[in-house]
Amino acid sequence: LDAEQLSRWQFAFTASFHFIFPPLAMGLGLMLIAIGIAYVRTGDPKWRQLAFFWTQVYGLIFALGVATGVVQEFEFGLNWAGYSRFVGNVFGSLLAAEGVFAFFLEGGFLGLMLFGGNRLGPKLWLGATSVVVFAAHFSAIWIVMANSWMQTPDGYKLVTSGGANRAEMTDFLDVMFTPSFLPHILHIFVASWLAGSALVLSVSAWYILRNRHFELARAGLRIAMPVFAVLAVLQVAVFGANQAVSVTNHQEVKLAAIEGLWNDQDCAPLYLFGWVNESAQTTKGVSIPCLLSFLSYGSTDSTVKGLNSFDQDTWAPVNLSFQAYHLMIDIAMLLALIGVVGAALYYWKSKLFRLRSALWALVITVVLSELAITSGWWTTEVGRQPWVVWNLLRTEDGVSTTLSTGMVASSLAMFILLYAILLGLFLYLLNAKIQRGPSPLEEVEAAPVSSLPDSLRDIFRRHGPMTNEPAAQPAETPPDEVKP
Amino acid sequence: MSLNEVWFVLFAMIIGGYLILDGFDFGVGIVHLIAARTDTERRLMLSSIGPVWDGNEVWIVLGGGVLFGAFPLVYAALFSGFYVAFVLVLLALILRTVAIEFRSKHQGGRWRLSWDVVFALASAALPFLFGVAFGNILAGVDLDEQGNVHESFIDLLNPYALLIGLTAIAMFALHGLVFLTMKTEEELEARVRSLIPRAMLIFFTLTTVSVVATAVFQDQVSDRFLSDYWPFVFPATAFVAFLTCVRMVRAGQDFLAFVASSATVGLLLASGGAGMYPNLLISSRSESFNLTIDNAASASNTLEVMLVVAVIGMPLVLLYTSGVYYFFRGKTSLGPDSY
């Protein structure tokens with residue numbers, strides 16, 4: 001192992017770990033908006049209780065997402081100086097735009113969302129939450145734009161200066177909307193919403209199994225079950241399939257690698273699972289005949305190009321990308337099955353509540369969703385190898401040349417240790433939070449709803465120091481403070 | 001002003017925004033163990049930055065993105081060249097986040113004390129590392145023709161850089177204390193106020209030594225000041241801002257004292273920036289290897305696009321950031337959702 005290999009592993013490890021959290025946050029955010037809307041519409045305090053509970057979980061997820069996200073941004077320069085010089089014109093501006101447009105919005109309004117439960121009325125809290133969730137999605141849009149540019153670069157010209165190439169932007173719109181962007185972002189959004197609804201589903205099903213917080217768990221299911229079922233089916237049938245078509249159209253050699261297809265083939269099969277022997281150039285496993293041709297080109301007798309039609313030095317690690325891809329597909333199909341059966345049982349005389357095995361299946365959906373997301377990420381990134389920027393820059397040419405093996409080995413060891421601790425703490429606190437359950441109503445309703453400002457006008461009237469109205473409260477002491 | 005000059009100034013302003021805003025978070029952390037004694041007091045300290053520290057940290061993320069986009073060669077040279085230092089920055093940033101988030105999520109004296117210590121150490125480590133990095137940037141680094149920096153972490157810990165690192169700790173400790181005067185009450189407030197004179201003395205002494213050391217040992221910076229005299233505006237106004245801060249603290253004008261303290265931080269950074277201009281990274285090998293706002297920048301196309309983004313985005317950022325600060329203004333108290 002040299003500094004380059006270790007840098008690859010470090011980036012893969014830190015990115016995979018980071019990528020646990022943002023999708024979960026986006027999806028849970030969507031659930032929180034649904035809960036908030038239900039609260040605003042019905043005024044039923046159980047929704048407020050539920051919102052409180054999930055907001056605290058959101059805070060935990062968000063904190064880890066931010067902490068590990070900064071690492072990603074720094075790592076481009078730390079380990080991939082060659083890459084940074086090559087893409088800076090293009091990639092850096094997308095990162096900067098992400099910061100200006102999305103991160104500030106998210107970071108700024110997060111405080112209102114997390115600490116506003118007893119300071120803001122239902123509508124304002126819903127407003128703040130919606131802004132945070134919108135910003136999280138907006139942030140994903142920018143970073144996926146950047147990633148899509150690395151998959152299908154467009155809107156640039158190559159310039160040589162000082163003996164080194166670099167990509168200079170010629171058209172910002174082309175850079176933003178490269179051909180792979182739209183399928184990519186839709187696939188990721190749906191995966192994130194699935195993960196978020198799966199989280200609510202898992203915890204709610206677990207409460208029902210344990211016969212605790214029954215009312216709240218039912219409320220959680222009511223929101224998460226239909227969302228999960230519909231999205232899980234759509235992900236397989238529409239968005240995932242669409243992403244595969246995008247790979248077919250723009251990255252043929254990647255398609256061949258992730259499917260383990262060695263030679264050109266008419267009526268190419270889609271594997272369900274299998275094993276690739278790279279030295280013998282064979283792929284064995286269980287497959288559905290002709291499905292790959294059909295999914296890729298819309299007709300069962302189309303020819304799909306095999307790896308041998310491309311230079312060997314443009315092949316991704318075949319078995320690794322094959323396994324990542326098929327793990328994702330298999331889990332996605334399983335999730336769709338759980339979703340359909342779960343929803344059917346739920347709507348069919350609420351049989352779900354009495355069927356323990358079905359509830360247990362719901363409990364594991366969050367783990368499955370996360371696994372699918374991670375393996376999907378590996379598919380797209382490992383499948384892009386040996387390129388870091390498709391057909392333009394090889395990963396080995398992007399590495400920082402000044403790093404010693406020892407430096408990267410120590411930083412990788414540090415990140416592994418640090419992230420193991422983080423994951424341990426995260427799971428410990430998440431578990432503690434779930435075991436404890438939603439806070440009792442009297443704690444949640446520390447401030448009566450009627451006393452909270454619920455429009456921008458209220459904020460300035462109630463809290464504003466300029467007001468002459470007798471009803472105004474002194475600004476320094478919001479009415480809801482409880483000193484433990 | 002050329003586009004490149006605009007981006008040099010904007011980048012400096014973003015770093016300034018980061019140091020002023022996250023700077024008081026550092027400061028609260030640095031004095032956390034000294035100023036707050038009881039569990040309630042420590043929760044109050046954390047809650048004083050609770051709703052804003054996350055947003056403050058975004059400024060460094062933006063700074064990284066802007067450096068990457070506007071001056072990619074500097075971004076590449078600096079981060080790969082200061083590898084160990086920046087990995088330690090990441091370690092401290094993560095540990096600080098974890099300490100703030102996890103400390104109060106669990107009862108138990110030892111759990112909470114451990115995270116309090118982590119919070120304090122990480123909060124001191126960040127300005128120290130940034131100070132050390134800045135010290136080396138001012139002093140110049142072993143930068144080759146390809147724009148690669150050849151410095152080991154031990155090389156970075158030279159006496160001058162260490163001095164700047166310590167000065168940074170002192171500066172943010174003071175900045176955090178001034179911030180806390182607005183946020184605390186009763187005993188905690190009294191203790192915070194009693195620490196301020198000492199913090200001012202230490203900060204003033206270290207800053208004076210740093211300024212003298214820079215003038216004497218860093219010729220590339222002092223030449224810059226002496227060649228056109230206008231850069232002297234920055235250290236001079238920084239001094240005035242500091243005196244104003246002293247006066248305002250005495251007068252009990254806490255908000256104005258905080259404004260003055262923020263101005264001191266920003267103007268000291270501007271002094272360093274003016275001393276560097278138009279270089280972004282100075283090579284100790286040869287002046288011709290210096291990375292400047294011209295030879296290290298992205299093409300004008302990119303700089304234009306980024307300027308449009310900044311012109312649309314930054315006013316909005318400032319607007320709602322002020323809104324959030326306004327909403328959470330005043331003394332901190334603990335509620336059911338506090339840290």
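User: Helices here are DSSP runs of H or I, at least four residues, numbered from the N terminus. Which helix gives the most to the nonpolar patch?

Analyst: Helix H11 of chain A, residues 318–347. It contributes four residues. Keep in mind that this is a predicted model.

User: Which residues form the patch?

Analyst: A:Val233, A:Leu334, A:Leu337, A:Val340 and A:Val341. Together they have about 400 Å² of accessible area on the surface.

User: Where is A:Leu334 found?

Analyst: In helix H11 of chain A. A:Leu334 has a relative accessible area of 38%, so it counts as partly exposed.

User: Switching to cysteines. How many disulfides over all chains?

Analyst: One. It joins A:Cys267 to A:Cys290, with an S to S distance of 1.4 Å.

User: Where do the two ends sit?

Analyst: They are in distant parts of the chain, 23 residues apart. A:Cys267 lies in the loop between strand E3 (265–266) and strand E4 (270–277) of chain A. A:Cys290 lies in the loop between strand E5 (282–288) and helix H10 (291–297) of chain A.

User: And A:Cys290, buried or exposed?

Analyst: Buried. Its relative accessible area is 15%, and the cut-off for buried is under 20%.

User: Why is A:Cys267 not called buried too?

Analyst: Because its relative accessibility is 30%, A:Cys267 counts as partly exposed.

User: What about B:Cys245?

Analyst: B:Cys245 is buried, at 1% relative accessible area.

How values were computed
Residues numbered from 1 in each chain as written. Chains lettered and ligands numbered in written order. Predicted model: local features only at pLDDT ≥ 70, side-chain atom pairs only at ≥ 80, totals over all residues. Heavy atoms only, no water. Disulfide = S-S within 2.5 Å. Buried < 20%, exposed > 50% of the residue type's maximum accessible area, 1.4 Å probe, protein only. Patch = residues over 30% accessible without salt bridge, like charges linked within 9 Å, V, L, I, M, F, W, Y side chains within 5 Å. Areas by Shrake-Rupley, 256 points an atom, 1.4 Å probe, with all protein chains shown as cover. Salt bridge = Lys/Arg side-chain N within 4 Å of Asp/Glu carboxyl O.
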